[in-house]
Amino acid sequence: MSADEPFITAVKPLVDAIGGELLPPDEAGPDDVVLAWQGVDAVAVRLPQLADSLDHILASMERRGGVPLADLDRKAKQEIVRTLEARGAFSVRHGVETVANALGVSRFTVYNYLNREKGT
C-alpha cells in the first residue's frame, strides 16, 4: 500500500461529487489539476465539462432523493431550482432546458420558479 492511498481515498468522494476523474499524475493534461500529498504528486483530477457537471449534479440529486426528479411535487422542484441556481447551473449553455427536462416541466416553468425566487 502506498503512502498516498489514504489521501486518494479522502479526495475520491469530492471528485465523484463533481463528476471528475482520478488519474495518475504522469497522465495529467494541461487542464487537469495535480494534487500533491506530503510534497509528492499523488493524483491528478480531470474536471468535467460544465454541461456534464450539470447532468452529474442532477443525477446525484435524483439518487439522493430516491425518486425521479420529475416525480417530485412543485415545492420540491422549486427547491431543486433554487439549489441549482445557487450552484450556477443556469450559467451553463442549455442549463434551463436540461433542468426542465430532468424535472419534467417546461422551460417556462423553470423561469417562473427562478423569477419567483427573485421576487419578480
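**Close-up views of a predicted model**

**View 1. Ala102 is found in helix α4.** This is a predicted model, and the opening view zooms in on Ala102 in α4. With a relative accessible area of 22%, Ala102 is partly exposed, since buried would mean under 20%. Which residues is Ala102 in contact with, leaving aside neighbours within four places in sequence? They are Leu58, Leu69 and Ala70. Have a look at Glu62 too: 40 residues separate Ala102 and Glu62 in sequence, yet their C-alpha atoms are 9.3 Å apart in space.

View 2. Helix α4 runs over residues 95–103, and its buried residues are Gly95, Val96, Val99, Ala100 and Leu103. Just after α4 comes Gly104, which takes a positive phi of about 70°.

**View 3. Leu72 lies in the loop between α2 and α3.** The helices on either side are α2 (50–65) and α3 (74–86). Is Leu72 buried or partly exposed? Its relative accessibility is 24%, so Leu72 counts as partly exposed. Not counting residues up to four places away in sequence, Leu72 touches Val67, Lys77 and Ile80. Leu54 is another story: Leu72 and Leu54 are 18 residues apart in sequence and 18 Å apart in space, going C-alpha to C-alpha.

**View 4. Phe7 and Trp37 form a stacked pair.** Search the whole structure for aromatic pairs and you find one. The ring centres of Phe7 and Trp37 are 4.9 Å apart and the planes are at 20°, so the pair is stacked; planes under 30 degrees apart count that way. This pair links distant parts of the chain, with Phe7 in helix α1 and Trp37 in strand β2 (residues 33–37), 30 residues apart. How do the two partners sit? Phe7 is buried, at 13% relative accessible area, while Trp37 is partly exposed, at 33%.

**View 5. Leu14, Ile18, Val33 and Leu47 make a nonpolar surface patch.** The patch comes to about 330 Å². One of its members, Ile18, lies in helix α1, which covers residues 5–18. Ile18 has a relative accessibility of 33%, so it counts as partly exposed.

Technical notes
Residues are numbered from 1 along each chain as its sequence is written. This is a predicted model: local features need pLDDT of at least 70, side-chain atom pairs count only at pLDDT 80 or more; totals for chains, interfaces and linings use all residues. Side-chain values use heavy atoms; hydrogens and water are left out. Buried means under 20% relative accessible area, exposed over 50%, partly exposed in between (1.4 Å probe, protein chains only). Helices (H or I, at least four residues) and strands (E, at least two) are DSSP runs, numbered from the N terminus. Contact means heavy atoms within 4.5 Å. Patches are made of residues with over 30% relative accessible area and no salt bridge: like charges are joined within 9 Å, nonpolar side chains (Val, Leu, Ile, Met, Phe, Trp, Tyr) within 5 Å. Accessible areas come from the Shrake-Rupley method with a 1.4 Å probe; for residues, only the protein chains shown count as cover. A salt bridge is a side-chain nitrogen of Lys or Arg within 4 Å of a carboxyl oxygen of Asp or Glu. Rings of Phe, Tyr and Trp (its six-membered ring) pair if their centres lie within 6.5 Å; planes under 30 degrees apart count as stacked, over 60 as edge-to-face and the rest as tilted.
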